Every structure is written in C-alpha cells, then in structure tokens.
Amino acid sequence: MTQTDPKTALGSVDQATFTQAMMDATQDVPLGLVDHEGAAAGQRFSVYRNNVAVSLTEAMHSAFPVVAKLLGKENMDGLSGLFLRAHPPSSPLMMFYGVEFPAFLEGMQQLSHLGYLGDVARLELALRHAYHAADAAPIDPMLLAGQSEQALLDSRITLAPALHLIRSPWPMHSIWRFSTEAGAAKPKAGAEAVLITRPEFDPIPQVVNPADAAWIEALMQGDSIGEALDQARTIDSTFDLSSPLTLLLQAGAITGLESKG
Amino acid sequence: MLQSFSPNCGLPDAPGVGYKPQHFAEIMEQAEPVQWLEIHAENYMGAGGRPLAQLRHLAEKFAISVHGVGLSIGGEAPLDPQHLSRLKHLVNWLKPASFSEHLAWSTHDGHFYNDLLPLPYTNATLDRVCTHIDQLQEAINRPMLLENPSSYLAFTESTWSEPAFLAEISRRTGCGLLLDVNNVFVSATNLDFSPQGYIDAFALDKVGEIHLGGHDEDEDDQGRPLLIDSHGRAVVDPVWALLDYTLERSGPKPVLIEWDNDVPDWPTLAAEAERAAFALSGLPNSGTASSAAKRATG
C-alpha cells in the first residue's frame, strides 16, 4: 500500500468529504480519521455508514409497512438503500420522510409488474400526514339542519386539515386492507377513490364512490356545496349529497360552514 | 448575553426516562420511580394529532426535558432558520424544564442524515459551535445543555481534549452540559482512555443532566472491542459503576435512561429507573430525604 500515513495527513476532513465517503461505501475512508494509535479509521468509519443506512432503512419500514409487507423485508431493505441515497431526508422531521417514495417505486423498471405499489405508498403517506395534521374542532351538525336548501347549496365548507382524498386506477385500499386486516376480502381489479378522515387521533381510510369523490374534491378546491353538487352530477346524474355529507359530518371532517353573503 | 446555566434550575435530581408513546397509559397511571420525561424535539413538530395531545397531558404531570436530535449544531453550514423557529415554537408553548442538543452535526448541503456525526476539536470548530449555541439560546431565550458524543474514531487535526473543549464552550456561551456516562464508557473503550480520568476532567459543576443507555459490542479491523451507542438494551454494570463514580463527585443530578430501539415494556424500563434511583439514594445529599430536610428547615 502506498497510502499516506494518516497520522501525518494534515488535511482537515471537511463535512462534504465525510458525507461523500459515508454515503458511498466504495470510496476510501477520508485521511485524517484515525483510531487512538493514529492508524487509519477503517472499520470504525463504517459505524457511521451503517448507522445512517440502518436508521433510514428502519424509518422507511415504519413509514411504509404495507409496501414493505408486499415487497418482503429483503426487497424493502434493498429499495430503501437505493432510495435513501437518491433522496436523503431534506429535513430533520423524520415523520414526513419518504414523500418521493411513490414516484421512486413507479420509476423502478424491475417493479413495473407491481404497478399498484406507488399508489399503496401514496395511501400510506397520506395516512401519516393525516396522523400529524392540525387539530380542528368539527362544527355542530345542527348548523346544517337549520338552513334552507338554497342557503345550504350556497354555503362553503371548511374541511379538516387531516382530510385527504386520493384516487388510483388500482384497488389501492383493498390491497392495503388485505395486508393489514386478517380475513379482509381479496382485492378485485378496478379503480378506487379513498377518503381519509381522522375523527379523533387515528386516520380512517375508506373507499368512496366516484361521484362522492368528485363532490368532496370540488369542496376541497373551495366550491360551494351546490357547485360541488353540479360537479358530482356530471359523473352520476342521480348523485344525492345526503350520504357523503353525513359521512363527512360523522367523521368530524367539517370544521367550518360559511354562508353566502 | 443571556443568563448562564445554573445547576439549580431545570429538572429534578431524580430518575427520568426517554418517553415512548407505547408507555403512555402506564406512565399516566403510575410512573414511580420516574419523576420526569425526555422527548425528542423533532417527534413533536407535527401540526397536531395524538403526539401533541399526549405531550400536553404528560406536561401537566411531569417535568419535561426537550432533547433535540436534528439541529446540527456542529454543522459547517449556518443553522437552518426554519428548524430554529420550530424549536422556538416548541419551547414557547411547552415551557420545558430543560432543553438539550448534541456536540455533533447531522445535516450537510440541505440533507439530514439522521445520525450524530463527529467533529474535530479545533479552534475553528469551537468558534462555529459557540456561534450556533449563541443563536439557539437567543431563539429559545434560555441556556441549553450540550451533550458529549460517543466516539468511534479520532481526527488527527484535533487540538483539544473533549472535556476541555466542552468546558470552553460552556464558558464562552453560558450553556450547561449534558453528561452521557454511557457515551463516556463507549468512547473510552473505543479510543482507549480512562473513563474515570474523563469524568475527573469534566466540568461537573456545569452538568444539568446525566444520560445512561445501552450499547452494542462490535470489533474494529484489529479485533479490538468497538462499542456502538445503540440505546437498544439495558445499561451494563460498568456504566452503572461509572455513574456511581460520577455522582460521588458531582452530587445528585437528574439521571435519564435512554432506550430508543427494541423498546422494552414499561416494567423493564421502570426497573432501570429504579436502579438510577438507587444510585442517587446512596448520595449524602439527595432524593426525597434531602427534599424533606429542605422543607423541614426551609
């Protein structure tokens, strides 16, 4: 070996050098990192390589337990290793790590036969965001009951910060449920729209029909109840708002009602 | 400058544990001998939901220590202003008994590596760390505690010993110190120095909290022991002995059990806290006896 003796290496190890070597195990351990006898740090540097990879891989397993289950531990470990190098966390808030994971999964050639994985990851991500979303007190349902029909149609609804609606060409919720619930029905092919609400602290995902989904999406965009109803009727002319409205009220997902004028 | 750290403010000189949500019900019911709890700041920076609701309940019953793991105080780059303001927000509403962070870095070029990475002990590092601590203390409007790291390697460029480096940071910034006795044992084994000698050299009058945790055992390239700070098991006997050695010299301190991975059931964790209570009770000036005496004479 013709390496410089690390004891006499004067170069200071800056954090860019340290990071590069830490994230790429094929690189040499930076000179200037030593053991107590002044010999090259060798295996000791691997502690940091290992800590970072293991802690971020564990974060991925706990963030995406269903994707991990669908892939198997070994595959999830391998994918996490690739993902954490391509997308190291951009903030110390590990609760939100993995935002790029759905698109990352969809970009993996070798996973193209599991087209639904990205959307299952999206569902898990949305559940996690719903879990940490701001608290908001639901309105008293009597507020709605006291309104004339026209006043109600002209009103705008504020939805809880924890509410999410995601759509997939895959039976994303059925797949998720089949992996998390013993005895759940086997997923059948077909698109699903999934509404996530958080009545108290635990987010609840449930499938909603396409017209209900369209109505809720229109509300999310700020449409009045009536404008949203027109949107939903373009999908299903028999759409009736009583059932999705009851659903949102029961889930505590309506936190404000703004009447016209 | 802000008021400097004073050892008489903050946490009680009693056992505490790192809070894990799975222990919530048991802690609220009966936490003895645990008298205070430590949380990782970054886990309570969501907008709402169960974590914050639990924390509000806990804070009504217990003194809380906020332990940051993501500020990257030793980072070459300026502190992330967004993260500083998150910490400020948390400290403002929670009003914890103590705030601590690490002598380490974890963020580079906008990426957070979720580990405590090592620093060379040079004058340049000293200046940078002191500047960052000044900024943090200004933001949270109180003195912080700075924790000694676990070391696996050394930097040839270092010109300071770790205890002297920490004492100098405390002198310049007015911050207190968090002495992790397990980290001392891990570093002493890995870098072949005397852990008692390290404690003897440490600014014990600046210590506002002691940490204890479990470590894993590995080997370096030469087959020598390489201990890894894992917080995944019980505290080992030599670390308890080092705690006794420390407390004999420092007097009673708040002592925390850290168990972050493979988290045990509550009785197992409480038993570790019980052992810390026992270590504290052996001291001439500690525990309930001392508080009772203070009340009687006070």
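**Sheet, helix and core**

Author: Start with an open sheet in chain A: it has 3 strands, in the order β3-β4-β5, and their pairing is antiparallel. Keep in mind that this is a predicted model.

Reader: Which strands stand at the edges?
Author: β3 and β5 of chain A. Each has a single partner strand, so one side of each is left without a neighbour in the sheet.

Reader: What holds strands of a sheet together in general?
Author: They pair through backbone hydrogen bonds, either parallel or antiparallel.

Reader: Over how many bridges do β3(A) and β4(A) pair?
Author: Over 5 bridges, in the antiparallel sense. Take H164(A): its bridge partner in β4(A) is I196(A).

Reader: And how much are neighbouring strands turned against each other?
Author: By 25° on average, with direction ignored.

Reader: What lies across β3, β4 and β5 of chain A?
Author: Helix α9 of chain A, residues 172-180. α9 runs at about 60° to β4(A).

Reader: New topic. Which residues of helix α10 in chain A are buried?
Author: A211(A), D212(A), A213(A), A214(A), W215(A), I216(A) and L219(A). The helix spans residues 210-220.

Reader: What covers them?
Author: The cover includes the strands β2, β3, β4 and β5 of chain A. It also includes α11 (225-235) and α12 (242-250) of chain A.

Reader: What follows α10(A)?
Author: G222(A) does, and its phi is positive, near 100°.

Reader: What is L212(B) in contact with, leaving aside its neighbours within four places in sequence?
Author: Its contacts include V181(B), another residue named for the core. Among the others are N182(B), V235(B), L243(B), I257(B) and A276(B).

Reader: You mentioned domains. Where do they run in chain A?
Author: Domain 1 covers 14-115 and domain 2 covers 130-258. Their centres, taken over C-alpha atoms, are separated by 37 Å.

Reader: How many residues does the contact take from each?
Author: 5 residues from domain 1 of chain A and 5 residues from domain 2 of chain A. On the side of domain 1 that touches domain 2, the residues divide into 3 nonpolar, 1 polar and 1 charged.

Definitions and conventions
Residues numbered from 1 in each chain as written. Chains lettered and ligands numbered in written order. Predicted model: local features only at pLDDT ≥ 70, side-chain atom pairs only at ≥ 80, totals over all residues. Buried ≥ 20, exposed ≤ 12 C-beta atoms within 10 Å, placed from the backbone. Helix = DSSP H or I, 4+ residues; strand = E, 2+ residues; numbered from the N terminus. Contact = placed C-beta atoms within 7 Å. Core = buried A, V, L, I, M, F, W, Y, C linked by C-beta atoms within 7 Å. Domains from an automatic or database assignment. Nonpolar A, V, L, I, M, F, W, Y, C, P; charged D, E, K, R; others polar. Pairing = 2+ DSSP bridges. Axes fitted to C-alpha atoms, helices over the stretch in contact; angles between N-to-C directions.
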